[in-house]
Amino acid sequence: MIFKKLILSITVLFFALPHEQNSDGLRLLDKMHKRYESKWYKTLTFDQQTIRYDEEGKIVSENVWYEAIQMPDKLAIKFDDMDKGNGMIFRNDSIYQLKEGQVSSSRIMYHPLLILGFSVYDQPAVKTARALTILGFDLEKAHQRDYNGKKVYVVGALEGDNDSNQFWIDKETLLFVRMTQNFGNGRNQDVHFNKYEKIGGGWVATEVKFYTDNKLRLSEVYTNIKSPDELSPKIFEPASFEGVKWVP
């Protein structure tokens, strides 16, 4: 009897796993990872021109931020001045906000743009899928459509669904180009990754636009893009954030 129950359990597991592990979304994430595996850069630094807009589309502020990425899941941002300790650190599933070198707040956070624009190409698909599922993307739903004259995969929604959280992937290059998130009460965010440039064996979108409730509220333009041989681990440690820098 015990042997029969064991066989039954193994049989159920055998037939259940393929459906779970071979959803359209997960297969696409695995395809993205394998396309650039061992080719994608391991480090990235750039200057970010940060432009904010008001409700009428007028520029209300312009700043320069300095950013560093250690693949697959570390991002450091310094606001305005490389020599000061104001900024943010993202590490795996957490964010640390820093003011004058001290952590002003921290919390659990999966950064969807870091995951979709960078991490996916340098980590196992199952890890990416887990984070995206937590963020509210239904990897069992997917379709194809046209976007800016090209074919894209849309994951997170079926055809005709414009409300569900979804991300768009260029069918030819397998690069991330768009993400929409619905925060409820009619609030939504639509992010576009534009103007990709090749960096080593990988790519980086040099322009990112954020639309909130269908209005452009933030633009990011990346310049001085480099992939150093290595980055100091201190860049991504809150305790050493103020004293470390990655550009002169």
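Helices are DSSP runs of H or I of at least four residues, and strands are runs of E of at least two, numbered from the N terminus.

I then noted which residues touch, taking contact as heavy atoms within 4.5 Å: L26, L29 and D30 of α2 meet A125, V126, T128, A129 and L132 of α4. I sorted the residues of this contact into six nonpolar, one polar and one charged, where Ala, Val, Leu, Ile, Met, Phe, Trp, Tyr, Cys and Pro count as nonpolar, Asp, Glu, Lys and Arg as charged, and the others, Gly among them, as polar.

Next I turned to the lining of the largest pocket, where strand β10 (residues 176-184) gives the largest share, four residues. I divided the residues of that lining into 21 nonpolar, six polar and four charged.

I also checked the backbone, remembering that most residues other than glycine have a negative phi, and most peptide bonds are trans. The peptide bond from M71 to P72 is cis, with omega near 5°, and P72 lies in the loop between β2 (59-70) and β3 (74-79). S38 is not a glycine, yet I found a positive phi of about 70° there, in the loop between α2 and β1 (43-53).

For my own record, residues are numbered from 1 along each chain as its sequence is written, and side-chain values use heavy atoms, with hydrogens and water left out. Because the model is predicted, local features need pLDDT of at least 70 and side-chain atom pairs count only at pLDDT 80 or more, while totals for chains, interfaces and linings use all residues.
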